[in-house]
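Please look over the sequence and the model first, then read the points below.

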Amino acid sequence: MSASDLTVEGLGAGAARALWQGSGEPSADGVRRRPARVTALANQKGGVGKTTTAINLGAALAEAGERILLVDMDPQGSLGVGLGYEPHALDATIYNLLLQDHASFDDVVLDTDVTNLQLLPANIDLAAAELLLVQEVAREHALQRIVDRVSYRYDRILIDCPPSLGLLTVNGLTAADGVIVPLECEYFALRGMSLLLKTIERVRDRLNPRLVLEGIVATMFDPRTLHVREVFERVQEAFGEAVYATTINKTIRFAEAPVAGESILTYAPGSRGADAYRAFAAEVSAREPSSPRAS
Ligand SMILES: Nc1ncnc2c1ncn2[C@@H]1O[C@H](COP(=O)(O)OP(=O)(O)OP(=O)(O)O)[C@@H](O)[C@H]1O
Ligand SMILES: [Mg+2]
């Protein structure tokens with residue numbers, strides 16, 4: 001089997017057309033008078049670059065002057081690890097905010113080494129939260145309630161979803177204005193796209209009418225490999241303009257930076273990887289519609 005066995009419609013091209021936000025127009029004067037744009041990074045496939053993209057897109061947008069909040073919705077807690085924290089050592093995490101009415105955002109939010117980049121961390125407790133939330137009223141809206149309370153403090157909030165389509169990801173999608181899908185260009189990754197797009201569609205129809213597909217970004221991209229190039233062409237054919245022009249190429253620097261507890265923008269500021277995320281951040285900003293909350 002090869003990537004060409006998958007038809008464009010089979011990949012979910014129709015769903016993507018219906019969900020895509022369009023290329024957007026910048027606001028006339030660039031001044032923000034509205035709540036943060038909330039973007040979920042989602043893909044149920046594991047290890048495709050969701051967390052790496054959350055950290056480095058966040059760092060690149062912060063470098064460009066935006067106030068950014070990163071939200072970890074993954075019990076693995078990798079977002080905090082990648083920014084130098086030990087999740088198991090944290091007293092308060094997003095678990096407390098999701099399940100305890102008296103918990104305070106300011107007691108949980110953490111600063112990072114990057115100016116204007118803050119973090120709402122998670123750890124393994126979040127796995128228990130998923131089970132406890134099931135019994136709550138409006139369980140899909142728990143994260144949205146947290147995000148709405150602080151959205152005027154930030155320009156953009158990025159939610160790192162876990163590799164599943166369960167309640168934590170649904171909470172991420174319900175709290176978001178848009179979804180960015182990090183996609184590794186290989187055959188099996190492609191096969192999950194239509195299920196992911198169906199889930200986004202379902203959340204939009206039932207829980208969050210303002211949800212759009214912001215775009216699809218190719219990660220761990222190796223342009224020297226024929227298979228990768230073929231899959232990328234198929235992705236462009238299926239999803240058209242929803243695919244970002246910037247690709248995030250494969251480089252070992254991305255594995256090294258989180259070990260140092262840093263974004264690639266501070267760990268290797270002059271590297272191609274850092275530049276790729278700067279270019280991606282510029283593209284993400286340029287696509288932002290002028291009135292994201294209008295629905
Ligand atoms: N562009 C890249 N080049 C090389 N390695 C990368 C790249 N992006 C991410 N990685 C590495 O691949 C691994 C998986 O990345 P990451 O944790 O961001 O994926 P994820 O989708 O968040 O995974 P999970 O589904 O487990 O949450 C990590 O070790 C990361 O350092
Ligand atoms: Mg992750």
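This is a predicted model: local features need pLDDT of at least 70, side-chain atom pairs count only at pLDDT 80 or more; totals for chains, interfaces and linings use all residues.

Residues are numbered from 1 along each chain as its sequence is written, and chains are lettered from A and ligands numbered from 1 in the order in which they are written. Helices (H or I, at least four residues) and strands (E, at least two) are DSSP runs, numbered from the N terminus.

**The sheet**

- Seven strands form an open sheet with mixed pairing, in the order β3-β4-β2-β5-β1-β6-β7; two strands pair if DSSP finds at least two bridges between them.
- At the edges are β3 and β7, each of which pairs on one side only.
- Strands of a sheet pair through backbone hydrogen bonds, either parallel or antiparallel.
- β3 and β4 run antiparallel and are joined by two bridges, with leucine 110 opposite leucine 119 in β4.
- These two strands, β3 and β4, form a hairpin with five residues between them.
- β2 pairs with β4 in the parallel sense over four bridges; leucine 70 stands opposite leucine 119 in β4, and valine 71 stands opposite leucine 120 in β4.
- Five bridges join β2 to β5, and these two strands run parallel; the bridge partner of aspartate 72 is aspartate 160 in β5.

**Burial in the strands**

- A residue is buried if 20 or more other C-beta atoms lie within 10 Å of its own, exposed if 12 or fewer, and partly exposed in between, with C-beta atoms placed from the backbone.
- Strand β2 (residues 68–72) is largely enclosed by the rest of the structure, because five of its five residues are buried.
- In a regular strand the side chains alternate between the two faces of the sheet.
- On β2, Ile68, Leu70 and Asp72 lie on one side and Leu69 and Val71 on the other, and both faces are covered.
- From β4, Leu117 and Leu119 point one way and Gln118 and Leu120 the other way, all of them buried.

**Helices**

- Helix α8 (residues 167–175) is mostly covered, with eight of its nine residues buried.
- The buried residues of α8 are Leu168, Thr169, Val170, Asn171, Gly172, Leu173, Thr174 and Ala175.
- What covers them includes β1 (37–41), α6, α7, β5 (156–160), β6 (178–184) and α10; two residues are in contact if their C-beta atoms, placed from the backbone, lie within 7 Å.
- The axes of α2 and helix α14 (residues 272–287) come within 8 Å and cross at roughly 75°; axes are lines fitted to C-alpha atoms, for helices over the stretch in contact, and angles run from 0 to 180 degrees between N-to-C directions.
- α2 and α14 are therefore roughly perpendicular to each other, a term for angles of 65 to 115 degrees, whereas under 35 counts as roughly parallel, over 145 as roughly antiparallel and the rest as oblique.
- In this contact α2 contributes Asn56, Leu57, Ala60 and Leu61, and α14 contributes Tyr277, Arg278, Phe280, Ala281 and Val284.
- By class, the contact of α2 with α14 has seven nonpolar, one polar and one charged residues; Ala, Val, Leu, Ile, Met, Phe, Trp, Tyr, Cys and Pro count as nonpolar, Asp, Glu, Lys and Arg as charged, and the others, Gly among them, as polar.

**The ligand shell**

- Ligand 1 is surrounded by 19 residues, of which the closest are Lys50, Thr51, Thr52, Pro163 and Phe254; a residue is near a molecule if its C-beta atom, placed from the backbone, lies within 6 Å of it.
- At least two residues of this shell come from each of α2 (50–63) and α12 (253–259).
- The shell around ligand 1 has seven nonpolar, nine polar and three charged residues.

- Asparagine 116 is in the loop between β3 (110–111) and β4 (117–120), and has a positive phi of about 70° although it is not a glycine.
- Asparagine 116 counts as partly exposed because it has 19 C-beta neighbours inside 10 Å.
- Alanine 138, in the loop between α6 (125–133) and α7 (142–150), also has a positive phi, near 50°.
- Alanine 138 counts as exposed, with 11 C-beta neighbours inside 10 Å.
- Asparagine 208, in the loop between α10 (193–206) and β7 (212–219), counts as buried because it has 20 C-beta neighbours inside 10 Å.
- Leaving aside neighbours within four places in sequence, asparagine 208 is in contact with Leu173, Thr174 and Val203.
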